[in-house]
Amino acid sequence: MRISTKGLYAVRLMIYLTTKGQAEPVSLKEISETQCISKKYLEQITPSLTGAKLLKSTRGASGGYKLARPADKISIYDILDATEGSLSPVGALDDGELEWTPASPFLEGSMWRGLDSLIREYLSGITLQKIVDDESPVAADSYTI
């Protein structure tokens, strides 16, 4: 599995919006400048995220983007699925072609289904909020005795 820059930048965009909170929409210009991502590239990424109902867009002078739902309800899998398409390690998983038949034995099918399940479970278990919380200075400095 290989994640393109589109997927990587989509994750970065969504994390940035998480850090900004839900109060006001954030312009693509601000995101571009703070995250060092071309505004034109962001314009290509945002339709996928709004279409997947992960982002809300607002038009006008004070327009921009904000998360469509709470950050703890948006997983990295959601973002990558919206921007990358399928994350399956084998294209045949998407087509339902990993079925065994006597004419065409596919004995390794369960291995590919298992890998697909691991990828999906892992990325679905990581939310935007978890990333922000894990990387916050408070989390880094906290400890328990």
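Q: Which backbone oxygen does the side chain of Thr18 reach at 2.9 Å?
A: The model is predicted: local features need pLDDT of at least 70 and side-chain atom pairs count only at pLDDT 80 or more, while totals for chains, interfaces and linings use all residues. Residues are numbered from 1 along each chain as its sequence is written, and side-chain values use heavy atoms, without hydrogens or water. A polar contact is a pair of N or O atoms within 3.5 Å; within protein, one must be able to donate a hydrogen and the other to accept it, and residues adjacent in sequence count only if both atoms are side-chain atoms. At 2.9 Å, the side chain of Thr18 reaches the backbone oxygen of Met14.

Q: Is Thr18 buried or exposed?
A: Thr18 is placed in helix H1. Buried means under 20% relative accessible area, exposed over 50% and partly exposed in between (1.4 Å probe, protein chains only). Thr18 has 11% relative accessibility, and therefore counts as buried.

Q: Which residues does Thr18 contact, leaving aside neighbours within four places in sequence?
A: Contact means heavy atoms within 4.5 Å. With its sequence neighbours within four places set aside, Thr18 is in contact with Leu67, Ala71, Leu128, Gln129 and Val132.

Q: What pattern does the chain follow along the sequence?
A: Helices (H or I, at least four residues) and strands (E, at least two) are DSSP runs, numbered from the N terminus. The chain has eight helices and two strands. Read along the sequence, their pattern is α-α-α-β-β-α-α-α-α-α.

Q: How many bridges join strand S1 to strand S2?
A: Two strands pair if DSSP finds at least two bridges between them. S1 and S2 form a hairpin with five residues between them, and Gly60 in the turn has a positive phi of about 110 degrees. Leu55 stands opposite Leu67 in S2. S1 (residues 55–58) and S2 (residues 64–67) run antiparallel, and the number of bridges joining them is four.

Q: Over what arc around the axis do the buried residues of H6 lie?
A: Gly109, Asp116, Ile119 and Leu123 are the buried residues of H6. The arc is that of the directions from the helix axis to the C-beta atoms. These residues are on the same side of H6 because they cover an arc of only 95 degrees.

Q: Which residues are exposed on the other side of H6?
A: The buried residues of H6 include Ile119 and Leu123. On the other side of the helix, the exposed residues are Ser110, Leu118, Glu121 and Tyr122.

Q: What is the relative accessible area of Cys36, a residue other than glycine with a positive phi?
A: Most residues other than glycine have a negative phi. Cys36, in the loop between H2 and H3, has a phi near 55 degrees. Cys36 is exposed, and its relative accessible area is 65%.
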